[in-house]
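Subject: Handover of a structure

Dear colleague,

Please find the structure below, together with its sequence.

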Amino acid sequence: MSGPGERDDGAARPGAVLLGVVPLVAAGAVAVVFRWWVLAAAVSLLVGVGVLAAVAGLCVLTWLYLREVHRTMAGGGGAAGPGPDVHGEPAHRGYHGGPAWWDLCSAVRRTWRASALWGVLLLPHVAAHALVVGGYLAAAWSLAGALRVVDTGLRVVRRIRMVCPECYRRLPYPAYLCGRCGRRHDTVRPGAHGLLRRRCRCDRTLPTLILLGAADLETLCPHCDRPLEHRPGEAREFLLPLFGGTGAGKTRLAAGLHLALAQAARQGPDSYLEPFGEEAARLSREGARALAPGHRTRPTPPGRKVRAATVRLGAGRRALVLQLFDAAGERFNRTATTEELEYLGEASTFVLVVDPLGIPAVWRCLTAPERDRLAGERSHTRDPELAYGAVRDEVERHRRVPGGRPQGRLAVVVTRGDLVRGTSVDPGGTPAREWAGQVLGLGNLLARAEADFGAVRVFPTSAVAGPDGLADPSLHVLAAWLLRPQGRAFADLAAGPATAAAGGAR
Ligand SMILES: Nc1nc2c(ncn2[C@@H]2O[C@H](COP(=O)(O)OP(=O)(O)O)[C@@H](O)[C@H]2O)c(=O)[nH]1
Ligand SMILES: [Mg+2]
Ligand SMILES: [Zn+2]
Ligand SMILES: [Zn+2]
C-alpha cells in the first residue's frame, strides 16, 4: 500500500530536478545569449583589479622611494659630515659639493635593494630626481663661479696683488686659520665647501671671500706657512726693493723712508701708518734714533734672509700695503742666492742706492781735509754700475714677460747728502741728473737705466733726522715720487705738509 506521502515523493523528485535544471539551462541560455557581455564584464573586472593593483604597487614603490630619499637626506646617508676630503680641507662640504649627488645614488641603491626588480618601475622617479639635483648643482656651481669671478675681478680692477713678504711668492689666495679651533683652511674660496660661508669641522663658520671679511681671519702664506698680519687682499700692495752695494746706505734709507712716512701720516687728520711684523716693528721702534746724524747703521749680516718691512699706509678711505725689501748688499753679487730675490719680478719700482763717497772719481775731487773727515763714512763699493748690472739681470730674469720694452721706475738715490753738503762735490743748485752725470760719473749708468726702465730719476738724499727729530725733507721728496703711481692721495701724504707746500712732490 502506498500512502499519499509516497506518491508525493514520487511526484516531487522530477519537480526538484526540474527546479534545479531550469535555472541552469536558463543560465546557460543567458550565458550563450549574453556571452560577449559576460566576457566583457569578466575582462573589465580583471583589468580593474589589475589597474588597482598596479596603482597600489606604484604608490607603495613611490612611498618606498620617498622614504629612502628622506632617510638618506635626514639620516645623512651620503653626506655624513666632512668625510675624507681630497684636499684635506677641514670643512664640511656644501650640499652641492658632493652630498646632493651622493644622496641621489644612495636613495636609488637603497630603494633597489628594498624593491628588487620592481624598482625598474621607478625609472621616471629617478629621472625626475636626477633632473632636480642636476638643476640645483648647476645653479650652485654657477653661483660659486660668479662669486669667484666678482672677487677676482674686483681685485684686478683695484690692482691688488698679494705677495708674501717672507718667501716673496705671489699668493693666489691666502690660507686662513679657524678662529675657534685653529684648523688651517687652504682654499676658502667659494666651491665645494660653501658658497658665501663654509663650516669648519668645529662648526664655526668662516667667510669664503675677502670681500666678506675673510681677511680679518688669522692669515698664513700657503707657500711658506708664515703668518701674514697685513690682511692680504684688502689693499693694494706696493713692493719696493732697495738695492746697491754693501754699505751704500740701503738699511739707513729704509729707516729714513719709514720715518718720513710715519711722520707724514701723523700729521694728516685721517692718515695712518700701521706696521706689521718684526721688521716694520723694529723700524718703528728705532724711529728717529736710527737717523741721528752721528748714528751708524749696523751692517746687515751677510747671509741673512731678505725680509720685507711691511706697513699699511692709510690716506682717507684708501689704504696701501707697502713692502720695503732691504737686501744685504752682497746678495746682489752672487747669483746663487738670488732665487731669494724673487720679489724683484713682482716689483715695478726700484731704488738703486749709491754711496757717492765710494766712487773713486768723487773721492779724488775732495780736498785732503775733506777726505780725512769723510774716510770713515766711505763704503767699499767702488762701482755702482756693478750693483746696477747685477740687479738689472735679476730683474730681467724674474720678469714675467722677458724681453720687450722694459717697464718700471727706477730711483737712483745718492745717499750721504748731509756729509757731502759744503764739500767740493756738493750739488748746490745743479739739477740732480746733471750733477750725477758730470760730478759722480754716473752718466753711463743712467743712460743704461733709462733704456732698461721706463722712468729714471736721481735723488740726492740725506737719511738723517734733524735736531727736531723730523726726517730730512729729501726723504719726503723721494717717498712722494715713489708712491705717485699708487695714487695722488699717497703721494701727497708722503710729501709731508712742508714739502708739498714747497712743491717738492712734483
Ligand atoms: N750721515 C749719513 N750716513 C749714512 C747715510 N746713508 C748711509 N749712511 C751710513 O752708511 C753706513 C752704511 O749704511 P747702511 O744703511 O748700513 O748700508 P747698506 O749696507 O747698504 O745697508 C752706515 O754707517 C750708515 O749710518 C746718509 O744719508 N747720511
Ligand atoms: Mg744693510
Ligand atoms: Zn710665503
Ligand atoms: Zn674650526
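Strand S7 (residues 236-243) and strand S10 (residues 318-326) run parallel and are joined by seven bridges. Within this pairing, Phe238 has Leu322 of S10 as its bridge partner. Strands here are DSSP runs of E with at least two residues, helices are runs of H or I with at least four residues, and both are numbered from the N terminus. Two strands are taken to pair if DSSP finds at least two bridges between them.

Please note that this is a predicted model, in which local features need pLDDT of at least 70 and side-chain atom pairs count only at pLDDT 80 or more, while totals for chains, interfaces and linings use all residues. Residues are numbered from 1 along each chain as its sequence is written, and chains are lettered from A and ligands numbered from 1 in the order in which they are written.

The two strands above belong to an open sheet of seven strands with mixed pairing, in the order S8-S9-S10-S7-S11-S12-S13. Strand S8 (271-276) and strand S13 (455-460) form the edges; each has a single partner strand, so one side of each lacks a neighbour in the sheet. From one strand to the next, the twist averages 20°, where axes are lines fitted to C-alpha atoms (for helices over the stretch in contact) and angles between N-to-C directions run from 0 to 180 degrees.

S7 also pairs with S11 in the parallel sense, over two bridges, and Leu242 has Val351 of S11 as its bridge partner. S11 and S12 run parallel as well, joined by six bridges; here Phe350 is partnered by Leu410 of S12.

S11 is mostly covered, with six of its six residues buried; a residue counts as buried if 20 or more other C-beta atoms, placed from the backbone, lie within 10 Å of its own. Thr349, Val351 and Val353 point one way from this strand, and Phe350, Leu352 and Val354 point the other way.

Helix H14 (residues 473-483) lies across S7, strand S11 (349-354), strand S12 (409-414) and S13, and runs at about 170° to S13. Helix H6 (residues 277-286) packs on the sheet, touching S8 and strand S9 (308-315), and its direction makes about 70° with that of S9. Contact requires C-beta atoms, placed from the backbone, to lie within 7 Å.

Overall, the protein chain has 15 helices and 13 strands, and 37% of its 506 residues count as buried.

With kind regards

Key: Two residues are in contact if their C-beta atoms, placed from the backbone, lie within 7 Å. A residue is buried if 20 or more other C-beta atoms lie within 10 Å of its own, exposed if 12 or fewer, and partly exposed in between; C-beta atoms are placed from the backbone.
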